[in-house]
Every structure is written in C-alpha cells, then in structure tokens.
Amino acid sequence: MGVKIVADNRKARFDFFITDRYECGIELAGSEVKSVKLGHMNLRDSFCLITGEGEVVLKNCYIAPYEKGAAFNPEPRRDRKLLLHRAEINKLIGKVKIKGYTLVPLSAYLKGNYVKIEIGLAEGKKQHDKRQSLRERDIKRQAEREVRDAGK
C-alpha cells in the first residue's frame, strides 16, 4: 500500500515550529476525491479549527472542481470535516488552548484508496526565527554546491 503525496504545505513549515503531527481522514464528496487523485488540491493558506461541537474542520483548502461529468460540484473552498479519534481531538483541544499553538495542514496524500491529511500542532515563528531559517537554508545550499563543484 503506497503513499502518494498530492499536496504539500511548505509555507507552514517555514512559518511555524511543528511540535506534533497527526494523520487524519477528510470528509469529501465523490467528485472532490476524483479531483484530489488528479492532484488538483492546494493547502496553501489553509488552516484547521476546532468547532464548539468538538469537530476539527479544515478551512480555506482549495480543491478544483472535477471537470469530467459531474453535474454537482461542491464549492472549491468549502469547510471540510477532518476525521480523528475522540481522544486525539480532546488532546488537541487541550494543547490549542495553550497560548501560541495552532493546527495547520502539512500535506495531503493518498494511502490506498483513502485521502489523508497530515496536520501539525504548531507554534508560530517570530521574524528573527524566519530569518534564521533562511540563513540555514542558504548555508546548506552553499555547502551542497561546493561539494558538487569539488567533485568535478
């Protein structure tokens, strides 16, 4: 049973420190599943909220309408329920109440015939942390470049 990554939220990894990761299912319509399997999904600018009823909801996630056939295509940016166990949701509720923590979707992938979302419990980065991340990435890129050029 292979895993095929459909969408990746690289911006979330840059803007947040990810402390915990959770795999959850997502409630989709049939045409949305077909569209996701074609790779027409975008997690950029999307986020997760815990509603008053104790449900985790994915907001602002774009899934393109499925072109072939379906007369009924849901709204591309509608709210979608995430499927987690009650114990996991209760744990998340406790941690999100701590100042500075939020839930962000990290990636979407196909696991067998199921669409799964990886969400992360995240703490926001300050501006100096983001600059440090950029610096580290540039240093790493420069080192790789020097190793590659030394081999020539």
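These legends accompany close-up views of a predicted model. Residue numbers start from 1 along each chain as its sequence is written, and side-chain values use heavy atoms, leaving out hydrogens and water. Because the model is predicted, local features need pLDDT of at least 70 and side-chain atom pairs count only at pLDDT 80 or more, while totals for chains, interfaces and linings use all residues.

**View A. Ser46 sits in the loop between strands S3 (41-42) and S4 (47-50).** Strands here are DSSP runs of E with at least two residues, and helices are runs of H or I with at least four, numbered from the N terminus. With 7% relative accessibility, Ser46 counts as buried (under 20% relative accessible area, 1.4 Å probe, protein chains only). A polar atom of the Ser46 side chain lies 2.4 Å from the backbone oxygen of Leu43. Beyond its neighbours within four places in sequence, Ser46 is in contact (heavy atoms within 4.5 Å) with Leu58, Lys59, Asn60, Cys61 and Pro105.

**View B. Helix H2 (residues 30-37) has Ser31, Glu32, Ser35 and Val36 as its buried residues.** Seen down the axis of H2, these residues fall within an arc of 140°, so they line one face of the helix; the arc is taken from the directions from the helix axis to the C-beta atoms. Among the strands they pack against are S1 (3-8), S3 and S9 (114-124). After H2 comes Gly39, with a positive phi near 90°.

**View C. Lys116 lies over the face of Tyr114.** The distance to the ring centre is 5.8 Å (the rule asks for NZ of Lys or CZ of Arg within 6 Å of the ring centre and within 35 degrees of the ring normal).

Conventions: Buried means under 20% relative accessible area, exposed over 50%, partly exposed in between (1.4 Å probe, protein chains only). A polar contact is a pair of N or O atoms within 3.5 Å; within protein, one must be able to donate a hydrogen and the other to accept it, and residues adjacent in sequence count only if both atoms are side-chain atoms.
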